[in-house]
Amino acid sequence: MSLDLDGGLGPDGRALPLSGRLRVGAGAVRLSGTGDAVEIAGLGAEMRLSADRRHLELREMWLDGRAARLAGRADLRSDGAGGAITAQLDLREVAVDVPRAERTPVALRADRLWADLRVGGPGGAVQIAAMTLERDGARVTGTGRVWPGGRIALDLVAGPLAVDGALALWPHEIAPRARAWVAQTVSGGTLRDLRLSLRHDLRDPREPGRLDDSALSLHLENAAMRVDPRLPPIAGVTGQVVLDRDRVAFLLDRAAIALPVDAPPDGPAAAQAQTVQLGPGRIWTDTGPDATGPLRMVFDAAADLPAALALLRAPLFQPGGAADAAAVAGTG
């Protein structure tokens, strides 16, 4: 480790601000109070410490390690109340692997991250007064709290963003089955009014990505869904999406299914497309580690008779499909 500092005493004998440069080579940093050693390839920063030693500025800061990489700047102040520290962070190229009990670490990634923190709260918690995270053009803001040992509570909101952008912000290790189901089922469209309350304990070894008291809601516009390979894609999906622990539900306002309909004998030889209008309705499934239940769909549908018959000829509704006479009902 090398530390170059510039300082001095003023005419009155008081210490002047210190400025300098910190460089640390490859090795391990042992975190205070945890006993855990974090391997690093190096870290460095340009520093300035105020004369009263209560304000530390870090510029051109960088960290390169096995579990964390980042660059940026930080502004740290001691508030003098019980040793608490407030911090303002402006980071870029953030890649942090958060350890979990007996599980694969949670991989957190961000192109830019701004945060206002208070370190040293009740129980040693880090309070996140404000946070903005950007990745692949998607932006999320929020507040929260992180406790020693890995218990986290975050409340996040996001404006309009694409489905792919939302998945880029969603770590694979948090509710992995729900994430995989959304990734495989939904494409295109725009997410609005996204609100996430995340309550998670990284020390809990019981289930991978278990969500304790978490919930997600958002408004989905003009998306496509492939809820079952035996059913044609559903287009123009607009409505609410709700994730409550390990259950995903789509509350449909409107959607449509385009179906090929055999041409009449005296018409063109090619098949024609007919549309079944859906909504309001609901599609939901359990995605948790113990999920065994089927996909469930309840919706109103309106169509001309040829389109309605074409829908009933879909493989999903044929003998051997998931839907049988006892599970399908309707009026027309």
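**Close-up views of a predicted model**

View 1. Arginine 53 is found in the loop between E4 and E5. The phi angle of arginine 53 is positive, about 65°, although the residue is not a glycine. Most residues other than glycine have a negative phi.

**View 2. Glutamate 60, another residue with a positive phi.** Glutamate 60 is found in strand E5. Its phi is positive, at about 50°, and it is not a glycine. Is glutamate 60 buried or exposed? Glutamate 60 has a relative accessible area of 59% and is therefore exposed, the limit being over 50%.

View 3. The bond runs from glycine 279 to proline 280 and is cis, with omega near -5°. Most peptide bonds are trans. Proline 280 is found in strand E18, which covers residues 272-286.

**View 4. The salt bridge between arginine 66 and glutamate 39.** The closest N and O atoms of arginine 66 and glutamate 39 are 3.4 Å apart, and the two residues form a salt bridge. The pair links distant parts of the chain, 27 residues apart. Arginine 66 is in the loop between strand E5 (55-65) and strand E6 (68-78), and glutamate 39 is in strand E4 (residues 37-49). Arginine 66 is exposed, with a relative accessible area of 66%, whereas glutamate 39 is partly exposed, with a value of 43%. Side chains of opposite charge can pair when their charged atoms come close.

**View 5. Other salt bridges.** The protein has a count of 14 salt bridges. One of them joins the side chains of arginine 14 and aspartate 12, at 3.7 Å from N to O. Arginine 14 and aspartate 12 are both exposed. In another salt bridge, aspartate 228 pairs with arginine 230, and the closest N and O atoms are 2.7 Å apart. Aspartate 228 has 10% relative accessibility and so counts as buried, while arginine 230, at 30%, counts as partly exposed. Salt bridges also link Arg21, Arg23 and Glu46 in a network.

**View 6. Leucine 156 in strand E11.** Strand E11 takes in residues 151-158, leucine 156 among them. Leucine 156 counts as buried, at 14% relative accessibility. Which residues does leucine 156 contact, leaving aside its neighbours within four places in sequence? They are Met131, Val140, Thr141, Gly142, Leu194, Arg195 and Leu196. Serine 197 lies 41 residues from leucine 156 along the chain, and the C-alpha atoms of the two are separated by 6.5 Å.

**View 7. Arginine 179 in helix H2.** Helix H2 covers residues 176-185 and includes arginine 179. Arginine 179 has a relative accessibility of 11%, so it counts as buried. Neighbours within four places in sequence aside, arginine 179 is in contact with Leu167, Ala168, Trp170, Pro171 and His172.

View 8. Ala307, Ala310 and Leu311 of H3 are buried. These residues cover an arc of only 100° around the axis, so they are on the same side of H3. In an α-helix there are 3.6 residues a turn, so residues three or four places apart point the same way. Leu305, Leu309 and Leu312 form a nonpolar patch on the surface. Together these leucines have about 290 Å² of accessible area. Leucine 309 is in helix H3 (residues 305-312) and is partly exposed, with a relative accessible area of 40%.

**View 9. The whole chain and the prediction confidence.** The secondary structure comes to 3 helices and 19 strands. Of the 332 residues, 34% count as buried. The protein exposes about 18600 Å², of which carbon and sulfur atoms supply 54%. Among contacts with a separation of 6 or more, 44% are between residues 24 or more positions apart. The mean pLDDT is 81, and 82% of the residues reach 70 or more. Over residues 323-332 the pLDDT is below 50, and this stretch has 5 contacts in the model beyond near neighbours in sequence.

Definitions and conventions. Residues are numbered from 1 along each chain as its sequence is written. This is a predicted model: local features need pLDDT of at least 70, side-chain atom pairs count only at pLDDT 80 or more; totals for chains, interfaces and linings use all residues. Side-chain values use heavy atoms; hydrogens and water are left out. Helices (H or I, at least four residues) and strands (E, at least two) are DSSP runs, numbered from the N terminus. Buried means under 20% relative accessible area, exposed over 50%, partly exposed in between (1.4 Å probe, protein chains only). Contact means heavy atoms within 4.5 Å. Patches are made of residues with over 30% relative accessible area and no salt bridge: like charges are joined within 9 Å, nonpolar side chains (Val, Leu, Ile, Met, Phe, Trp, Tyr) within 5 Å. Accessible areas come from the Shrake-Rupley method with a 1.4 Å probe; for residues, only the protein chains shown count as cover. A salt bridge is a side-chain nitrogen of Lys or Arg within 4 Å of a carboxyl oxygen of Asp or Glu. pLDDT is the predictor's confidence in each residue, from 0 to 100. The arc is that of the directions from the helix axis to the C-beta atoms.
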